[in-house]
Amino acid sequence: MGEIRALIVDDEPLARRGIRQLLAPYPDIVVAAECRDGREALQALAALDPDLVFLDVQMPGLDGFAVVRTWGP
């Protein structure tokens with residue numbers, strides 16, 4: 001199996017760092033980008049087409065549910 005490109009989306013830097021640390025032992029998972037909000041997430045989804053997305057539900061502005069509604073499952 002090839003590498004898995006992941007996108008981390010959370011408005012809290014500490015939460016993003018925590019997810020990155022949890023993924024560190026898995027060399028086949030590469031964090032392609034981190035986003036601070038839903039708008040950045042939509043841009044990264046379009047540009048990077050990640051295999052896996054860690055998406056925070058509660059964020060100011062465009063929350064995780066709005067990202068899913070806009071982008072699709």
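**Helix α3 and two residues elsewhere**

At the start of helix α3, D63 places a side-chain oxygen within 3.2 Å of the backbone nitrogen of F65. The model is predicted. The helix itself spans residues 64–71.

Which residues of α3 are buried? They are G64, A66 and V67. The helical repeat is the background here. An α-helix has 3.6 residues a turn, so residues three or four places apart point the same way. The cover over the buried residues of α3 includes α2 (38–48) and β3 (52–55). After the helix comes G72. Its phi is positive, near 105°.

A positive phi turns up at D49 too, with a value of about 45°. D49 is not a glycine. Most residues other than glycine have a negative phi.

Now turn to helix α1, residues 13–23, which holds R16. R16 is buried, and its relative accessible area is 10%. Buried means under 20%, so R16 qualifies. What is R16 in contact with, leaving aside its neighbours within four places in sequence? The contacts are I8, D10 and D11, together with E34, C35 and R36.

Definitions and conventions:
Residues numbered from 1 in each chain as written. Predicted model: local features only at pLDDT ≥ 70, side-chain atom pairs only at ≥ 80, totals over all residues. Heavy atoms only, no water. Buried < 20%, exposed > 50% of the residue type's maximum accessible area, 1.4 Å probe, protein only. Helix = DSSP H or I, 4+ residues; strand = E, 2+ residues; numbered from the N terminus. Contact = heavy atoms within 4.5 Å. Polar contact = N/O pair within 3.5 Å; in protein donor to acceptor, adjacent residues only side chain to side chain.
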